[in-house]
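Let's take a walk through a protein model together. Have the picture ready and follow along as we go.

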Amino acid sequence: MCDLIKTGGHLITLAYPIDGDRKGGPPFSVDIPTYAAVLGSGWEKILDKVPDEVTGNSVGRVRLVIWKKL
């Protein structure tokens, strides 16, 4: 992502499924700290929220996160 997004640009992620320590997949469980670790330094998390409208089995398992490249 560092090569694709210029300084000041934004990366929009929809983190799903957030299932804690669930083993196996696909889909494999994710978490926000892992996203940050994979992105590495040079990114600022500017939004982290549960989307306003979530339905079905996505309830409690999805987050919208926007990162800004520094």
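Is Ala15 buried or exposed? Ala15 is buried, because its relative accessible area is 0%, and buried means under 20% relative accessible area, exposed over 50%, and partly exposed in between, using a 1.4 Å probe and protein chains only. You'll find Ala15 in strand S1, which covers residues 10–15. Strands (E, at least two residues) and helices (H or I, at least four) are DSSP runs, numbered from the N terminus.

Before we go on, a word about the model. It is predicted, so local features need pLDDT of at least 70 and side-chain atom pairs count only at pLDDT 80 or more, while totals for chains, interfaces and linings use all residues. Residues are numbered from 1 along each chain as its sequence is written, and side-chain values use heavy atoms, with hydrogens and water left out.

How confident is the predictor? The pLDDT, its confidence in each residue from 0 to 100, averages 94 for the protein, and 100% of the residues score at least 70. Confidence is lowest in helix H1 (residues 32–39), with a mean of 94, and highest in strand S3 (residues 63–69), at 98.

Back to Ala15. Leaving aside residues up to four places away in sequence, Ala15 touches Val30, Ile32, Tyr35, Arg61, Val62 and Arg63; a contact here means heavy atoms within 4.5 Å. Ser58 is 43 residues from Ala15 in sequence, and the two are 11 Å apart in space, C-alpha to C-alpha.

A salt bridge is a side-chain nitrogen of Lys or Arg within 4 Å of a carboxyl oxygen of Asp or Glu, and the structure holds 5 of them. Arg61 pairs with Asp19, their closest N and O atoms being 2.7 Å apart. This pair links distant parts of the chain: Asp19 sits in the loop between S1 and H1, and Arg61 in the loop between strand S2 (43–49) and S3, 42 residues apart. Arg61 counts as buried, because its relative accessible area is 19%, whereas Asp19, at 22%, is partly exposed.

Asp19 also has a salt bridge with Arg22 (2.8 Å, N to O). Arg22 is partly exposed too, with a relative accessible area of 32%.

Now look at Lys45 and Asp48, which form a salt bridge with closest N and O atoms 3.3 Å apart. Lys45 is partly exposed at 41% relative accessibility, and Asp48 is partly exposed at 28%. As for Asp19, Arg22 and Arg61, salt bridges that share partners join them into one network.

Terms used:
pLDDT = per-residue confidence, 0-100.
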